[in-house]
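I opened this one to see how its parts sit against each other. My notes follow, in the order I looked things up.

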Amino acid sequence: MRAVLTVIGKDNYGIIAKVSTFLAERNVNILDISQTVLDEYFAMLMLVDISGSSVPLSELATECTSLGKGIGMSIHVQHEEIFNAMHSV
Amino acid sequence: MFNTNEILETINMVEREHLDIRTVTMGISLLPCIGGTAEKTASNVYDSICRKAEKIVAVTAELSNEYGIPIVNKRVSVTPASLICAPFPEKSRLIGKALDDAAKTVGVDFIGGYSALVHKGMTDYERKFIESIPEVLATTDRLCSSVNVGSSKSGINMDAVRLLGETVRKTAAATKERGGFGCAKLVVFCNAVEDNPFMAGAFHGVGEGGTVINVGVSGPGVVQHAIESIPSADLSELAEMIKRTAFKITRAGQLIAREAAKRLNAEFGIVDLSLAPTPARGDSVAAILEEMGLESVGTHGTTACLAMLNDAVKKGGVMASSRVGGLSGAFIPVSEDIGMIEAAERGSLCIDKLEAMTAVCSVGLDMIAVPGDTPASTISAIIADEAAIGMINNKTTAVRIIPAYGKNVGDEVNFGGLLGRAPVMPVHGESAAKFIARGGLIPAPIHSNKN
């Protein structure tokens, strides 16, 4: 099962490091990653495989929200199907 | 990999534009619950709902987290209760209490279906059932009631219309300490739909399956934002943009509906894409109409803007879901939409204009407060007007009107939460009492004879 993780907020040091460590600790595998910095805003998108995740997706989503609050970013992880459903016919 | 813009667009819709799944509603058939006595039936009803809807709150919370879309309300709709109360109508309130208790046990916000369908004729047991509505709504918290008084196929049952005018007034009086809150839970329909997931008018039709999940999606803020992004577009471009936006929103609803049905061991019923406003700023249907180019909702041009909006929303929704149902369109409740509230306070939105608007949108006169001394016959006449619009135009119309006890034009009723606040709006002072007293049936229109 795959999910999309997004990190949005003001650019800062070590964002990718913190997020990828967090994911590694939960056995979540990063399949693809892209990032852009628009003005001073940072937007990172990751496609992750959560098949081996040690926590269920809904819990992972809650943990991501708290991680985001801790580092001053908005972090979401969502089932990939929501984007497929909304943006492709 | 995904398109970055598409992903950010979805997140923006949720974070800034109030995109949400407005309701996941489980429809439950109560017909197997009928027992030998009212007490036995009430206990069966309670058990059946608690068993079937046990997991609805947990499952919707899980889905909301997994897909990153808020699910605002969890609800249950049931078979019109007048049918299961038929053998013991004088004890209908026992069933009402069982429904309310079950809603509290499973943790849903509202339960709909304290309803009767009397569009052609009204039996004695149905009359008694309808007479129980004021007391039942005053003594329960989460129970909603609706009555269908007309249809395009059968005409308008004016005896029922007369009774409902009185019922609305009695409900207001029975709940006067709470601003007539009971009336916010009572809808009078023409052409009621059997799979509507939205309250207060939801009930589970007898033609439906045993346990069904219907989902209502909303997103006035998303549509408003989409229109803002093309300020100089002409109206065909605008319609196209609304259609595309409605498509995306409905797809999100369809996904949640299918998944919720699977996890709750129910059939997937329908997705209802209705732009349902909340009193929050940025979540308003009035604001969409004003964004189209009106200085204030209620002014000349409002009906045309709303007609286009409603139609474009339906077209986008139909394309997006394998099963579109319910009401699907734009809702125009006054108290639940900050733009409507402000327009009513300014005096630019009146009941007559709202009535015209209901001819082209998906519902009717909704959440409107009128002076507390409005006669029952005037309320019946308002219901009859709405029902006539629905009957002739082959569409659903409804009246959810609140006589504000002891209040007059210029005052306001505040319900709080999603129900918002309603400025008391003026009604015509001239009487319709003689017309309402006639009773009988307004015959079905000629174009209903299609067989």
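**Entry 1: chain A against chain B**

I started with the interface, where chain A and chain B bury about 2,400 Å² between them, 71% of it on carbon and sulfur atoms. A caveat for this and every later entry: I am working from a predicted model.

Which residues of chain A lose the most area to chain B? I found L45(A), M86(A) and H87(A), which together give 27% of what that side buries. In residues, the contact takes 28 from chain A and 24 from chain B.

For polar contacts between the two chains, I have nine residue pairs, both partners at pLDDT 80 or more.

I then asked which elements of chain A supply at least two residues each to the side that touches chain B. My list reads β1 (2–10), β2 (29–38), β3 (41–49), α2 (57–71), β4 (74–79) and α3 (81–87) of chain A. The largest share of that side, seven residues, comes from α3(A). Sorted by class, the side of chain A that touches chain B has 14 nonpolar, eleven polar and three charged residues.

**Entry 2: the two domains of chain B**

I moved on to chain B, where the domain assignment gives domain 1 (20–190) and domain 2 (216–263 + 272–442). Their C-alpha centres lie 22 Å apart. The contact takes 46 residues from domain 1 of chain B and 50 residues from domain 2 of chain B.

How much area is buried between domain 1 and domain 2 of chain B? I noted about 3,900 Å², with carbon and sulfur atoms giving 67% of it. On the domain 1 side, R22(B), I156(B) and M158(B) lose the most area to domain 2 of chain B, together 17% of what that side buries.

I ran the charge search here too, and the count between domain 1 and domain 2 of chain B is three salt bridges. R22(B) turned up again in my notes: D283(B) forms a salt bridge with R22(B), and their closest N and O atoms are 3.5 Å apart. For polar contacts across the interface of domain 1 and domain 2 of chain B, the rule finds 21 residue pairs, both at pLDDT 80 or more.

By class, I have 24 nonpolar, eleven polar and eleven charged residues on the side of domain 1 of chain B that touches domain 2 of chain B.

**Entry 3: helix α8 of chain B**

Why do I call helix α8 (residues 220–228) of chain B largely enclosed by the rest of the structure? Seven of its nine residues are buried, so that description holds. The buried ones in α8(B) are P220(B), G221(B), V222(B), V223(B), Q224(B), A226(B) and I227(B). I also checked what covers them: the cover includes α1 (4–15), β7 (211–218), α9 (235–263), β8 (267–275), α10 (285–291) and α11 (302–320) of chain B.

**Entry 4: I382(B)**

I picked I382(B), which lies in helix α14 (residues 376–393) of chain B. Buried or exposed, at 11% relative accessibility? I382(B) counts as buried, because 11% falls under the 20% cut-off. Leaving aside neighbours within four places in sequence, I382(B) is in contact with L365(B), V399(B), I401(B) and V427(B). I382(B) and L365(B) are 17 residues apart along the chain, and their C-alpha atoms are separated by 8.9 Å.

I noted a cis peptide bond from M199(B) to A200(B), with omega near 10°. A200(B) lies in the loop between β6 and β7 of chain B.

H18(B) is not a glycine, yet has a positive phi of about 60°. I placed H18(B) in the loop between α1 and β1 of chain B, and its relative accessible area of 29% makes it partly exposed.

N394(B), also not a glycine, has a positive phi of about 55°. This residue sits in the loop between α14 and β11 (397–404) of chain B. At 46% relative accessibility, I logged N394(B) as partly exposed.

Methods:
Residues are numbered from 1 along each chain as its sequence is written. Chains are lettered from A and ligands numbered from 1 in the order in which they are written. This is a predicted model: local features need pLDDT of at least 70, side-chain atom pairs count only at pLDDT 80 or more; totals for chains, interfaces and linings use all residues. Side-chain values use heavy atoms; hydrogens and water are left out. Contact means heavy atoms within 4.5 Å. Buried area is the accessible area (1.4 Å probe) that two parts lose on being put together, summed over both. A polar contact is a pair of N or O atoms within 3.5 Å; within protein, one must be able to donate a hydrogen and the other to accept it, and residues adjacent in sequence count only if both atoms are side-chain atoms. Helices (H or I, at least four residues) and strands (E, at least two) are DSSP runs, numbered from the N terminus. Ala, Val, Leu, Ile, Met, Phe, Trp, Tyr, Cys and Pro count as nonpolar, Asp, Glu, Lys and Arg as charged, and the others, Gly among them, as polar. Buried means under 20% relative accessible area, exposed over 50%, partly exposed in between (1.4 Å probe, protein chains only). Domain bounds come from an automatic or database domain assignment. A salt bridge is a side-chain nitrogen of Lys or Arg within 4 Å of a carboxyl oxygen of Asp or Glu.
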